[in-house]
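Please find below a short note for a colleague who has not seen this structure before. The sequence and the model come first.

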Amino acid sequence: MSKKEYFIEEESLSVKKVSRRDMLKTAGVGGVGILIGASGIGSMLSITEGKASSAKDVVSFYGKHQSGITTKPQNHVYFAALDVTTSSKDDLISLFKEWTYAAASMSEGKPIGELTSNEFLPPKDTGEAEGLSASNLTITFGVGPSLFVKDNQDRFGLKLKQPKELVDLPAFSLDALEEEWTGGDLCIQACADDMQVAFHAVRNLIRIARGKAVLRWAQPGFQRTKQADAKEGTPRNLFGFKDGTVNPDVKSEKQMNEHVWVQPGDGPNWLQNGSYLVVRRIQMFIEVWDRTNLKEQENTFGRYRDTGAPFGQKNEFDKLDIHHKQPNGEDTIPVDSHVRLSHGDGSQQILRRGYSYSNGMDLKTGSFDAGLLFLSFQRSPSKQFIPIQKRLSSMDKLNEYISHRGSALFACLPGTKNGGFIGETLFT
Ligand SMILES: C=CC1=C(C)c2cc3[nH]c(cc4nc(cc5[nH]c(cc1n2)c(C)c5CCC(=O)O)C(CCC(=O)O)=C4C)c(C)c3C=C
Ligand SMILES: [Fe+2]
């Protein structure tokens, strides 16, 4: 075999088909071409091997919409809210450009930047995802109300672009919000089927932001893994109930346009094809729940724990009939149950994409600090999340067992094409 046959044009490697380990073996000399030495055949074989395994677990970063919204929920999330420290709009633009490049690379299972063997410089990529597949990594970026105006200051000349919908959520009764889990100028939602891949993504993006933005708060989250549930049924939350049964259909463009994507005429053009993300860090008092009898638990949700079916029905996906009465005249679905109140008249729908969390022990109480990192995407917080949460906060039976400790609202930017950058519609 001639040397030429070992010479691989980097562009010709379909990134979908090359695992991070393969890239590390082959990349690193300027991005044009790579000469593989004596071990070349082995490396080329690795590339071939990588084809089948990693192609399945790559979610494209580019597109009309950002990934991580209608993407089938991965096993893990690492969510981060950031504060911007620079006062320069140019810095912000370059941050989003660098983030776009890095996020696109990592989504393909590639490390960030060229690999260098210069031992006098810190490596560009932190390295803990070396050898790992892309793991369906998605990275979703959002901007919070405080990026536009903070302490009455128009920080980046963006005030006129602030959507009416992008304002702090109202205080709901029973809110017990803590500053340390609330707000943020920017957010990054990294979801992946491997926690190390998700963490690596956020870590490297925060690292890139040095001098421009800092971490404000962060929360990892999990679901049952797909390995543990081969049928990939609806995951159960930490109260043991199937959670995520009723959601708009992500495969229906009509439903997504109606409930999730910001439409022309909804507000400023820059957010068209984007969405609003509501984040609530909700502590769940699992010890109290575990002392509650099954009937009471089921009455709290209005669904059976075993099947996930609504009261009066047999199967998980059977229709919720809020008008149904028992022979004694009582409502089959209790009026203060979570599904009854969250469903309302069925006109407000949100795309829920939450994850359980467990942060060790609550030092104040000695109980688990565990709960739900509630994440929902919607086209209009004022017409969707807010009315639902108003009903829930006023009389949801679930309130006896939960406490909202953190909250934030972000506008998730539209997607971009290869060559463009996330935020281009807002900043330019
Ligand atoms: C304001 C929005 C919502 C918050 C906050 C919320 C918190 C929360 N939910 C559960 C568990 C379940 N929720 C379920 C259904 C459900 N929840 C919301 C909204 C909020 N939940 C909606 C819109 C729905 C669907 C209503 C419908 O139309 O039927 C269910 C039932 C199964 C399902 O459909 O997913 C469970 C279980 C917890 C534990 C929680 C806070 C910790
Ligand atoms: Fe709910």
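Predicted model: local features only at pLDDT ≥ 70, side-chain atom pairs only at ≥ 80, totals over all residues.

1. The model scores are ipTM 0.99 and pTM 0.89.

2. Over residues 1-54 the pLDDT stays under 50. For this stretch the model has 73 contacts beyond four places in sequence. Among the elements, strand E1 (residues 7-9) has the lowest mean pLDDT, 26, whereas strand E7 (residues 186-192) has the highest, 99.

3. Overall make-up. The protein has ten helices and 13 strands. It has 428 residues, of which 41% count as buried. Of the contacts with a separation of 6 or more, 77% are between residues 24 or more positions apart.

4. Helix H3, length. How far apart are the end C-alpha atoms of helix H3 (residues 89-107)? They are 27 Å apart, which agrees with the 27 Å that its 19 residues should span at 1.5 Å a residue.

5. The buried residues of H3 are Leu92, Leu95, Phe96, Trp99, Thr100, Ala102, Ala103, Ala104, Met106 and Ser107. An α-helix has 3.6 residues a turn, so residues three or four places apart point the same way. Leu92, Leu95, Phe96 and Trp99 are among the buried positions. The cover over the buried residues of H3 includes strands E3 (76-84), E4 (138-143) and E8 (213-222), together with helices H4 (195-208) and H10 (424-427). Just after H3, Gly109 takes a positive phi of about 80°.

6. Ligand 1. Which residues come nearest to ligand 1? Of the 27 residues around it, these are Thr245, Val246, Ser342, His343 and Gln389. Two or more residues of the shell come from each of strand E9 (275-284), helix H8 (338-343), strand E12 (368-378) and helix H9 (385-395). By class, the shell holds 15 nonpolar, eight polar and four charged residues.

7. An unreviewed UniProt entry carries the annotation "domain: Dyp-type peroxidase C-terminal" for residues 234-416. In the model, the chain over residues 234-416 is 20% helix and 22% strand. The end C-alpha atoms of this stretch lie 31 Å apart.

Terms used: Residues numbered from 1 in each chain as written. Chains lettered and ligands numbered in written order. pLDDT = per-residue confidence, 0-100. Helix = DSSP H or I, 4+ residues; strand = E, 2+ residues; numbered from the N terminus. Contact = placed C-beta atoms within 7 Å. UniProt positions renumbered as here; feature names shortened; annotations may be inferred. Near = placed C-beta within 6 Å. Nonpolar A, V, L, I, M, F, W, Y, C, P; charged D, E, K, R; others polar. Expected span 1.5 Å × (residues − 1). Buried ≥ 20, exposed ≤ 12 C-beta atoms within 10 Å, placed from the backbone.
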